[in-house]
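Student: Could we go through this one together and check the labels against their cut-offs?

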Amino acid sequence: IVDVNEAVVKLYGYSSKKEVIEQCNIGTLSDFERGYTQERAEELIRKTIEEGPQHCEWLARRKNGEIFWIDIWLKKVRLGPNDYVIASGRDITHEKQIRLALDESNERFRLAFLTSPDSVNINRLSDGLYVEVNEGFCKITGYKKEEVIGKTSLELNIWANPEDRQRLVKELQEKGYCENLEAQFRCKDGRILTGLMSARVIMLKGVPHILNITRDITARKEMEKQLTEAKNKAEESDSLKTAFLHNISHEIRTPMNAIVGFSDLLRNNNLPPDRKAKYLDIIINSSKQLLSIVNDVLEISRLESRTVPVHLSSFNLNSMVEELYQLFLPRIRNLKFSYHCDLNKTDALAICDREKINQILTNLLNNAIKFTQEGSIEFGYKIMESEILWYVKDTGIGIPKEEQERVFERFYQANLQIAQLKGGSGLGLSIVKSLVEMLGGKIWLESSVGLGTTFYFTIPYNKATSQEPEHTGLSKTSFKSLNILIVEDNISNYDLVENLLSPQGASIEWAKTGTEAINMVNTSNYSLVLMDIKLPEMDGLTATRLIKKQYPHLPIIALTAFSTPEDQKQALEAGCDAFLTKPIDKKELFEIIQALSQSEFRL
């Protein structure tokens, strides 16, 4: 260096030109790391002499050690007989920092653009032409980048609803941006997805473009839909259960009113025999109606817990149909009542659960009678290869088409106002459907309002070669030789059983608790024990185990209000020899007592 101007002195922080020249000549100006060394400076000077003017950005050091950027132009000149290189420069540290920051910002934007899982695309504002898309766009839409760039969204038919695009354009024109616009988009394979879009107008090389970020919310929208449906269903279910509770309260109170009222009227000692008999019939029928309601509720509970077993047996289809016909015939008023059997009686043997088929048909016939005022009711079966098609057809009020899919729902009643007038818990058809499915079949209906309804259900047809012998019952009941202990804490229940058995000659004694029963068995010789399960001090199952441990041959019959298969299983495992559910069936009680009295038990 042979000369510098004052700007160089000031730029480098020296006190004079002389100091600059002396310091630079010994190489302290640029002899440091990052490649900006004295050797490289000399190389630039040589290139300027040999190749012509040079331009570069140089990292330099001031006198105080501070590093700064300088933009330098090098040019060879001739002054007199000698060649020189003139270097002119300016401090660009601030500009360099700005550029580096901008480069970092651009790099961050580039990485965010490319790697975002959301769809990011840049479109020309004037015509919607795609100029750039990211990997998220390609994954979501199914298009490759080269299939999109240079085309418009209209050409690709991406907008499922043109109104969504119009809303976007309108907001961009009015505000310059758009946030959280929900829109429908069409993928390459035709799938429609829901996107949540935010867009903003940006300038690229002086031309307005749209920067668009879209998140696929299809799964979220589906979840929201399912949650809404579940909420609506829960509210509807709650409403139906409320209606059911009101209805079931009415259904229970109606027969209870008859039972209580007519029982009170029977106190009149001067009541004529015919009127007394009429009142007793009303009480008995109302009790059966009340029991039917309770059984429906219990049946639903059992079906929900899947504790209802299937009992297969061989039986005659025609005999069951004829029995049902004879059972319902007295209830038919002003209606034609008929049945159809597809097989002759000799060939109508099948293997299935007779009790459940009977229960299904009973429910359907009850419904038909309830909602048919005139015309006819017909029921029966047809053989369809490997299935039996059962049907119950009526000419009643019918079921509206929009309600036909729902009549099998629990607590739901089609024609609700009419159903409330006719009575019923709204559980019958739900029970029927569960029983049919339990037997491996399906159920459906055909109905027209005002013309009637036909219910169909199928079950597998398994032909039997012989029929299991039917229970013949008792020819004559006499328990004169029997000494029976009744273990019961409720005096009304005791009185009922005592009044059933004493007229048959049985000797009856009463224990009110499980503990008392054990003491009485130890001091007396009993033929039979009727054991309630729910007792004070000691429950009936515990008492049964202790009695059986000492007297294993003493027959014990569980006589309880508990009725589930689990209750029966627990009673039998505890040692009970038979299980009867309250209310007591007189015929069934007598049959079990006679069967046990003829066994090898201690009598």
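Predicted model: local features only at pLDDT ≥ 70, side-chain atom pairs only at ≥ 80, totals over all residues.

Student: How many helices and strands does the chain have?

Tutor: The chain comes to 19 helices and 20 strands, taken as DSSP runs (H or I, at least four residues, for helices; E, at least two, for strands) numbered from the N terminus.

Student: Why are helix 12 and helix 14 called roughly antiparallel?

Tutor: Helix 12 (residues 354–370) and helix 14 (residues 428–438) pack at about 150°, with axes 10 Å apart. Angles over 145 degrees count as roughly antiparallel, so this pair gets that label. The angle is taken between N-to-C directions on a scale from 0 to 180 degrees, with axes fitted to C-alpha atoms over the stretch in contact. The crossing is left-handed, meaning the near helix is turned anticlockwise from the far one by less than a right angle.

Student: Which residues of helix 12 and helix 14 make the contact?

Tutor: Contact means heavy atoms within 4.5 Å. Helix 12 brings residues including Ile 360 and Leu 364, and helix 14 brings residues including Leu 429, Ile 431 and Val 432. By class, the contact has eight nonpolar, four polar and one charged residues.

Student: What makes Thr 194 buried?

Tutor: Buried means under 20% relative accessible area, with a 1.4 Å probe and protein chains only. Thr 194 has 9% relative accessibility, so it counts as buried. Thr 194 sits in strand 7 (residues 192–204). Across the chain, 41% of the 603 residues count as buried.

Student: How do you know that the side chains of Thr 194 and Gln 184 form a polar contact?

Tutor: A polar contact is a pair of N or O atoms within 3.5 Å; within protein, one must be able to donate a hydrogen and the other to accept it, and residues adjacent in sequence count only if both atoms are side-chain atoms. The contact joining Thr 194 and Gln 184 is 3.0 Å.

Student: Why does Asn 123 count as buried?

Tutor: Asn 123, in strand 4 (residues 119–124), has 7% relative accessibility and therefore counts as buried. Its side chain makes a 2.5 Å polar contact with that of Asn 121, and a polar atom of the Asn 123 side chain lies 3.0 Å from the backbone oxygen of Gly 128.

Notes
Residues numbered from 1 in each chain as written. Heavy atoms only, no water. Parallel < 35°, antiparallel > 145°, perpendicular 65-115°, else oblique. Nonpolar A, V, L, I, M, F, W, Y, C, P; charged D, E, K, R; others polar. Buried < 20%, exposed > 50% of the residue type's maximum accessible area, 1.4 Å probe, protein only.
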